[in-house]
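Keep the model open as you read.

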Amino acid sequence: MSRTILAARTDSGTADTTELAALLAAEGHEVCATLAATRREHPDTNLGPALLDRVATAVRDHDAETVAVDADLTPAQTLAVADELPDGVRVRDRTRVVLDTFADRAGTEAARVQVRIGRLEYERELQRELLSAGDVEGFWPDDDHRSVRAIERRLTKARAELRDLPDPRERYRDRREAGFDLVAVVGYTNAGKSTLVRRLADDMTLDRAGSGSASVEDRPFETLSTTTRRATLNGRRVLLTDTVGFVSDLPHDLVRSFDATFAAAYEADAVLLVVDAADPPERMARKVRVAREQLSDADGTVVPVLNKTDAASDERLRAAADRFDGPVTASATEGDLADVRERLLDALPTATATLDLPNDGESMSLVSWCHDRADVRSVEYGERVTVELAGNPAVVAEAERRASEGEAAGQ
Ligand SMILES: Nc1nc2c(ncn2[C@@H]2O[C@H](COP(=O)(O)OP(=O)(O)OP(=O)(O)O)[C@@H](O)[C@H]2O)c(=O)[nH]1
Ligand SMILES: [Mg+2]
């Protein structure tokens, strides 16, 4: 366990260090002291001399090995902060902490390569700055010799590896063409996405052909790669994708490198945006802002889900509800999720059709095909068979095509 001092600077108000503290705890760091100050960003060190002085003292008092700064430092600022600390103390800003967390726990090959790219891009910038300051010696934790050229070679290799992996968006498009309704469950880290996916999949599932399971833990970034489970909603075949949680102030490069999550969100027919309704108002405001930014390109209908209602006071719940247009409330651990299922169904694009079929064996197998994929609202048997159907537009169109094909074949 590494001993860490957490330092935070904020322009106004009080710094909220809970997010970074949770990340550090999840990494197995012991936060020995948290030091905060309210002041303008200092151009050289971000933190400013007074706070930096307190940090240096705390490092000595606690014999700390690392300092985590709750801000995004420029490479020059990282160096300037390290300069004020005892030799060998490692300085990490929040981007670095997030990258390290992901690197430790990335589950899939794609996530691992993406993390590697994010880290290399980060290191390249830092290395450029180190070189121009003429101060490379002893900065990196290992003796790994780095030159900008060497980093770039590794970047090129990693990008090529990523290109060779299957494109996540392609995979979603194939699934859509196969008549699945795609639902992405997204939101801030620790909001309860995986719990919700598990519950929804269990409630909605008739056949459990789904792959993977959604791991639940009270720590940030429990889920580090997308997991998809199959479920049935009103006869429709739904794929529920659990995603990697958002955090605030991620640099654009890093966000872009988490393509799998964004592919799931952007390609989805409907997006469940899970929000922790028990959060204090300021924290929630920040999280909602982050989620909105990240989802601005999503095509599907976004359904806000205020989760953890069991743990939220009425006042918090009302305040949370005011932030959204028509949210649905839920407790993924305790409540009944009927409202979530209903809202999800409303959000999915739906087509209807009435099929008029000859009364023969061929038609019977088409009726059972429909039952497996859509909401068969009525079937009337007479000289002909009349089927009323609602569901995914691609499925309904395919049913109509099969009906007319059967008709043509019978003539
Ligand atoms: N009280 C309460 N706790 C919940 C609820 N839903 C989830 N939790 C808890 O919140 C914690 C985080 O849940 P997860 O499902 O792992 O959250 P997540 O959004 O998938 O988190 P990441 O994968 O880390 O982004 C766990 O301890 C859950 O048991 C809820 O409705 N009420
Ligand atoms: Mg999760």
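The text below takes the domains, then a pair of helices, then a sheet. Note that this is a predicted model.

Start with the division of the chain. Domain 1 covers 2-99 and domain 2 covers 106-164. Domain 3 spans 175-347, and domain 4 spans 351-410. The C-alpha centres of domain 1 and domain 4 lie 64 Å apart.

Now turn to the helix pair. Two packed helices are described by the angle between their axes and the distance between the axes. Helix α5 runs over residues 109-133, and helix α6 over residues 148-164. They pack at an angle of about 160°, with 9 Å between their axes. Angles over 145 degrees count as roughly antiparallel, so α5 and α6 are roughly antiparallel to each other. The crossing of α5 past α6 is left-handed. On the α5 side, the contact includes V113, I117, L120 and R124.

Strands of a sheet pair through backbone hydrogen bonds, either parallel or antiparallel. Here three strands form an open sheet in the order β11-β13-β12, and the pairing is antiparallel. From one strand to the next, the twist averages 15°. Six antiparallel bridges join β12 to β13, residues 384-391. V379 has V387 in β13 as its bridge partner.

Helix α14, residues 361-373, lies across β11, β12 and β13. It runs at about 15° to β13.

Conventions. Residues are numbered from 1 along each chain as its sequence is written. Chains are lettered from A and ligands numbered from 1 in the order in which they are written. This is a predicted model: local features need pLDDT of at least 70, side-chain atom pairs count only at pLDDT 80 or more; totals for chains, interfaces and linings use all residues. Two strands pair if DSSP finds at least two bridges between them. Helices (H or I, at least four residues) and strands (E, at least two) are DSSP runs, numbered from the N terminus. Axes are lines fitted to C-alpha atoms, for helices over the stretch in contact, and angles run from 0 to 180 degrees between N-to-C directions. Two residues are in contact if their C-beta atoms, placed from the backbone, lie within 7 Å. Domain bounds come from an automatic or database domain assignment. Angles under 35 degrees count as roughly parallel, over 145 as roughly antiparallel, 65 to 115 as roughly perpendicular and the rest as oblique. A crossing is left-handed if the near helix is turned anticlockwise from the far one by less than a right angle, and right-handed if clockwise.
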